[in-house]
Amino acid sequence: MRIARERVTVQPCATSANLGPGFDSLALALELRDRYTLEVTTGETEVTIRGEGAGELPTDDTNLIVRTLRESLEWVGAPQIGVRLTCTNVIPQGAGLGSSAAAIVGGIALARAIIQEPNALDERAMLEIATSIEGHPDSVAAVIHGGVCLSYMDGENPHTVRVRVANAADGRPVLRPLIMCPNRTLSTTTARAILSPEVRRRDATHNIARAALLVHALAEDPSRLFAATADRLHQDERSAHMPQSVGLVHVLRSQGVPAVISGAGPTVLIPIDAPDDIARIVREVVEEPDDWRLARVPLAREGIHTVLS
């Protein structure tokens, strides 16, 4: 497999995983995109990072995008290359918005775009590689495909399907996400280590039923989204590491708002139209409201974009 192109840009989207009960299985894509431009060189690795993560993320071969790019080239038997990578990041790091999934899928997409036979890294191969690196398929599937994805493992093999999302009366998708992102981070590794390896049967039964209801609510009956986003497995268990985020979720849900922790947190997501006074609620609940960013981010109907140049 030879290298056929020397410059390419990809734009992976942010994601919000779990959506309450769908732990490691459900995720939606958000129209918030990083931009990675690769130039193939014969020299040493050069990485320039602008925006989120600048001055913090690695700028050598340990960079996650570069590592995934190289693993993907090895996967298809292509030669390794000199890398000049420019990243313009808008997805917050360590916020539960899929920055690592974006980096992983972005690295694979860069490899796919420069090789002679891009079909060697088709969507199936992309999901396999990305899952092997990320450890679970939910967020990476949403970056690849866009929309809302339901993912699962069959042994070591990841699979995903797109979930139909109903439109509201005005023709727009019923999902109109609002993210509330504090100016602090929580690594996914830390957030996952908090969780107990065992769960009570009644809690497992609760989440199974609510996750199934969530698929129905998204496709057919959005009025059930509040009930369908209730979780008993992971959000409260992480509250010691993000008490304000979990507290905000509790306050919003007490008012009938289907708020959830986005991914591993600490971002809070409201998947449908938020209350008009959401800014006031945040100011009353959190300790330092000026450190929280509130943004309406549309559902990304398409997955990662590739721009050939």
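**Strands, pocket and backbone of a predicted model**

User: In which strand does D24 lie?
Analyst: This is a predicted model, and every value below is computed from it. D24 is not a glycine, yet its phi is positive, at about 60 degrees. The strand that holds D24 is β3.

User: What is phi of L19, and is L19 buried or exposed?
Analyst: Most residues other than glycine have a negative phi. L19, in the loop between β2 and β3, has a positive phi near 55 degrees. Its relative accessible area is 6%; the limit for burial is under 20%, so L19 is buried.

User: Where does P266 lie, and is its peptide bond from G265 cis or trans?
Analyst: P266 is placed in the loop between β10 and β11. Most peptide bonds are trans. For the bond from G265 to P266, omega is near 10 degrees, and the bond is therefore, with most peptide bonds being trans, an exception to note. The form of the G265 to P266 bond is cis.

User: How many disulfides does the structure hold?
Analyst: A disulfide needs two cysteine sulfur atoms within 2.5 Å. The closest cysteine sulfur to that of C13 belongs to C149 and is 9.1 Å away, too far for a bond. For C87 the closest cysteine sulfur is in C13, at 16 Å, which is also too far. The number of disulfides is 0.

User: Are C13 and C87 buried or exposed?
Analyst: Burial requires a relative accessible area under 20%. C13 has 0% and C87 has 2%. Because these values fall under the limit, C13 and C87 count as buried.

User: Which residue in β11 stands opposite I179?
Analyst: Strand β9 covers residues 178-182 and β11 covers residues 268-270. The two run antiparallel and are joined by 3 bridges. Opposite I179 stands L269.

User: Which residue in β4 is opposite R7, and which in β6 is opposite R35?
Analyst: β1 (residues 7-11) and β4 (residues 35-41) run antiparallel, joined by 4 bridges. β4 also pairs with β6 (residues 82-89), again in the antiparallel sense, over 7 bridges. R7 is opposite E39, and R35 is opposite T88.

User: What is the volume of the largest pocket?
Analyst: Rolling a probe the size of a water molecule over the atoms shows where empty space is left. For the largest pocket, the volume comes to about 750 Å³.

User: Which element supplies the largest share of the lining of the largest pocket?
Analyst: The lining has 42 residues, and those closest to the pocket centre are S99, S100, A101, E134 and T188. Elements that each supply at least two lining residues include β2, β3, β6, α1 and α3. The largest share is 5 residues, and they come from α2.

Technical notes: Residues are numbered from 1 along each chain as its sequence is written. This is a predicted model: local features need pLDDT of at least 70, side-chain atom pairs count only at pLDDT 80 or more; totals for chains, interfaces and linings use all residues. Side-chain values use heavy atoms; hydrogens and water are left out. Buried means under 20% relative accessible area, exposed over 50%, partly exposed in between (1.4 Å probe, protein chains only). Two strands pair if DSSP finds at least two bridges between them. On a 1 Å grid over the protein atoms alone, a cavity is a set of points where a 1.4 Å probe fits but cannot get out, and a pocket is an open set with protein on both sides within 12 Å along at least five of seven lines; lining residues have an atom within 4 Å of a point. Grid points are joined across faces, edges and corners, and a volume is the space filled by probe spheres set on the points.
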